[in-house]
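This report is for a reader who is new to the structure shown below.

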Amino acid sequence: APLGPRPEAARSMWARRAGDGVGAVVRARDNDRAHAGIPERRVDMWEALHATFCREAKEAGTQGRPRCRTLFLGDSITEACRGTQFGEYYDELAARRRAFEDFFPLKEARAFGISGDRTQNLLYRVCNGELSFRHPPSVVVLCIGTNNLGRDNDSAEDTFLGIRAVVLEILQRLPGTRVLLTGILPRGPAAGSPLQMPPTPFESDAYVGQDSPLNPKPNPKEGFKRKYSQPGLHTPAIVAVNDRLKALASGSGGSVGYVECGYAFLTTDGGAIRPELMRDVLHPSAEGMRAWFAVLKPAVDALRNAPAPRDSWYEGPRALGDAASLGGDGATVANSGRDPGAHNGSLESVSPGVRLALSRLIAWSPHALCVADATAKDQPIVFANDNFYAQTGYPPEEVLGRNCRFLQGPGTDRETVRAMREAIARGKEFHGRLMNYHKNGTSLVNSLVMSPLRDEKGVVTHFIGIQRLAPAKSLDDAPAEYQFRAAL
């Protein structure tokens, strides 16, 4: 039967861009849409699925039922592990469920995923019952964020903050549980293609160049290139998010791990997604699931058996980023094969009275942080967190031992720099906004806070710089409400 017109509420969320070609759809920004890091519920079947997951969590490990030792959380990619899409079973998805059960038997693992979920939807779920386990899982595998980038056009920064919010909620609600981040998997369409989402009612499911009623004479080569070629349209944002997730894992003291999974879906040269592994360039096929799980399984086992996480990386001999490799190509918790915390520098010269609080801030802050020695000549950086390296592009050997002025450039306001130097000379806190530069030359707007650190006698010995960096162009292009939120 023909479907009726799309409800007005749904219609307002989508806009077809004229001249972008067949099936090109872009997400319209909604001023009232929740930020990626703020819990948001959905309606329709979503509520029923959420209730099902809450019930399964409460029943696990009770009345003879098996405990859940590994929990997968996410969107449609995770839901496919159950053999369903939006709660409905499909024959095509049965093979994906069998792949999941072969690697992670259902007697020990659960998959809580809902098609179309963003970080804010998953955050609502974990805050409202889906983690109500009597016996917490030892590892939670988190795969979320692709819908934030691909459907909502969220920035990489917002998407990362949403994933981070989910991670922190899991760690708070499930003491002793580790979180394994898979990163956002590669997806299409190819770079240079018009924005296009997976099909929804009344929309073409063909990529530009493919066969469809609206495109009766497709170019097969062009169609393949548009669909499977990499880097994709969303690759820069995916790389930026995944780099931040690696830094988050590195600073977690062993509570969070990160495993690089993208390469499992790409050709040897990385130039295309392998069609047999991801036919729609978004959801792994059954074969793609097996390739993915072959990377995930060793990482899950290694994280489960890793030494207990430390509340602070100054407790005992282990330091921030000091964790063994999780196994598998690219699978690490952080600082595999290096001296404990060597790539971050040292806080040993900081007063013990503030070291514990400082180390916790450094471990979990989403911002680029560095600590400079105010007593040494030219006030060199003695410590920088992994977010500093990820967001500025500079490696440790080009950061440690240098004054932070190397981030400045021709667009840096001299008056702001002078005010900052005066505050440092007086041992006072400084708040300001100045232009910095990524190693590749990209302009970065730095909303900077510099605070003095004192010893037991009240003498200023160090300064900590909290640097909230954002590409200048991204802020210029963003709507006014986003700029206001970013400033906050």
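## Confidence

Where pLDDT is low, the predicted coordinates should not be read in detail.

The average pLDDT of the protein chain is 80, and 76% of the residues score at least 70. This is a predicted model, in which local features need pLDDT of at least 70 and side-chain atom pairs count only at pLDDT 80 or more, while totals for chains, interfaces and linings use all residues. Residues are numbered from 1 along each chain as its sequence is written, and side-chain values use heavy atoms, with hydrogens and water left out.

## A five-stranded sheet

Five strands form an open sheet in the order β12-β11-β15-β14-β13, with antiparallel pairing. Strands (E, at least two residues) and helices (H or I, at least four residues) are DSSP runs numbered from the N terminus, and two strands pair if DSSP finds at least two bridges between them. β12 (381-384) and β13 (430-437) are at the edges with a single partner strand each, so one side of each has no neighbour in the sheet. On average, neighbouring strands are turned by 30° against each other, direction ignored.

Within the sheet, β11 (residues 368-373) pairs with β15 (residues 460-471) in the antiparallel sense over six bridges. Ala 368 has Gln 467 in β15 as its bridge partner.

## Helices across the sheet

Helix α11 (residues 352-364) lies across β11, β12, β14 (443-454) and β15, at about 145° to β11. Helix α13 (residues 414-425) lies across β13, β14 and β15, and runs at about 130° to β13. For these angles, axes are lines fitted to C-alpha atoms, for helices over the stretch in contact, and values run from 0 to 180 degrees between N-to-C directions.

## Cavities

There are five cavities of 30 Å³ or more in the structure. A cavity is a set of points on a 1 Å grid over the protein atoms alone where a 1.4 Å probe fits but cannot get out, and lining residues have an atom within 4 Å of a point. A volume is the space filled by probe spheres set on the points, which are joined across faces, edges and corners.

The largest cavity holds about 120 Å³ of space. It is lined by 15 residues, and those closest to its centre are Cys 404, Met 420, Leu 448, Met 450 and Gln 467. β11, β13, β14 and β15 each supply at least two residues of this lining, with β15 giving the most, four residues.

## Backbone details in loops

Most residues other than glycine have a negative phi, and most peptide bonds are trans. The peptide bond from Gly 188 to Pro 189 is cis, with omega near -5°, and Pro 189 is in the loop between β8 (178-181) and α8 (220-228). Gln 63 has a positive phi, near 50°, and is in the loop between α2 (45-59) and β3 (70-74).

Note on methods. pLDDT is the predictor's confidence in each residue, from 0 to 100. Contact means heavy atoms within 4.5 Å. On a 1 Å grid over the protein atoms alone, a cavity is a set of points where a 1.4 Å probe fits but cannot get out, and a pocket is an open set with protein on both sides within 12 Å along at least five of seven lines; lining residues have an atom within 4 Å of a point.
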